[in-house]
Amino acid sequence: MKTIKVNIVTPDGPVSETEADMVIAATETGEIGILPGHIAMVAPLQIGALRLKKDNSTVSVAVHGGFIEVRPDVVTVLAQNAELSTDIDIDRAKRAAKRAEEALQAKSDKLDAQLMELDLKRAITRINVYEMK
Ligand code: ATP
């Protein structure tokens, strides 16, 4: 079966370089499934899970925004932060979620609230991706 190369890169360096049968990504306009031979495209990503399917297993990665570039034989994800499910510190993510929820309840202005919602989204994504592993 044909595979597609997947590179996930952050400013700190590569997070994953692998091959997949299929990549599922949460773009700003919805979830897309990418198979080898997909037409070239670039799309902004949501804070969410990226799933790499290979044989009968799935590797999940928490991707915190950024962009996905698709070419027929390679997918590149560029994000500020990204963590493989196996690298997620679940206690830290739960603490971050609790902190963000408490801060949201005590929010003072709209801009603060938007930042806290992003903090919460990152933490929930980490928790979800950890649970997918
Ligand atoms: P926290 O409040 O726990 O620091 P955060 O959402 O503010 O979370 P980020 O600014 O998104 O953290 O990330 C800072 C660095 O820490 C990045 O390298 C990111 O990959 C890593 N990181 C953050 N949370 C976790 C986690 N729960 N498990 C593993 N790595 C994490």
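**Entry 1: Glu69 and Arg71**

I started with Glu69, which is partly exposed at a relative accessible area of 33%. This is a predicted model, so I am reading side-chain atom pairs only at pLDDT 80 or more. Glu69 pairs with Arg71 in a salt bridge, N to O at 3.9 Å. I make that a pass, because the cut-off is 4 Å. Arg71 is also partly exposed, at 40% relative accessibility.

**Entry 2: other salt bridges**

I get 5 salt bridges in the structure. One of them joins the side chains of Glu31 and Arg51, with 3.1 Å from N to O. I checked where the two partners sit: Glu31 is in strand E4 (residues 30–34) and Arg51 in strand E6, 20 residues apart, so the pair links distant parts of the chain. Glu31 counts as exposed at 56% relative accessibility.

Domain 1 puts 11 residues into the contact and domain 2 puts in 8. I find about 820 Å² buried between the two domains, and carbon and sulfur atoms give 69% of that. On the domain 1 side, the residues losing the most area to domain 2 are Ile47, His64 and Ser85, together 52% of what that side buries.

How many salt bridges did I count between domain 1 and domain 2? There is 1. The tally of residue pairs in polar contact across the two domains, both at pLDDT 80 or more, is 2. E6 and E7 are the elements that give two or more residues to the side of domain 1 touching domain 2.

**Entry 3: Glu83**

I then went to Glu83, in strand E10. Buried or exposed, I wondered about Glu83? Glu83 is buried, because its relative accessible area is 18% and the limit is 20%. Arg126 is buried as well.

Arg126 and Glu83 form a salt bridge, the closest N and O atoms being 2.9 Å apart. Their side chains are also listed as a polar contact of 2.9 Å. A further polar contact, at 3.0 Å, runs from the side chain of Glu83 to the side chain of His64. Leaving out residues up to four places away in sequence, I have Glu83 touching Ser60, Val61, Ala62, His64, Ile88 and Arg126.

**Entry 4: the cores**

Last, the nonpolar packing. The largest nonpolar core has 20 residues, and the members touching the most others are Val23, Leu50, Val61, Val63, Ile68, Val75 and Val77. I traced the core to its strands: E1 (4–10), E3 (22–27), E6 (47–54), E7 (57–64), E8 (67–71), E9 (74–78) and E10 (82–84) each supply at least two residues. E1 gives the largest share, 3 residues.

I looked at Ile68 in more detail. Beyond four places away in sequence, Ile68 touches Ala25, Thr27, Ile34, Met41, Val42, Ala43, Leu45, Val75, Thr76 and Val77. I also noted a second, separate core of 11 residues, with Ala96, Ala100, Ala113 and Ala123 among them.

Terms used:
Residues numbered from 1 in each chain as written. Predicted model: local features only at pLDDT ≥ 70, side-chain atom pairs only at ≥ 80, totals over all residues. Heavy atoms only, no water. Core = buried A, V, L, I, M, F, W, Y, C linked by side-chain atoms within 4.5 Å. Buried < 20%, exposed > 50% of the residue type's maximum accessible area, 1.4 Å probe, protein only. Helix = DSSP H or I, 4+ residues; strand = E, 2+ residues; numbered from the N terminus. Contact = heavy atoms within 4.5 Å. Buried area = accessible area lost by both parts, 1.4 Å probe. Polar contact = N/O pair within 3.5 Å; in protein donor to acceptor, adjacent residues only side chain to side chain.
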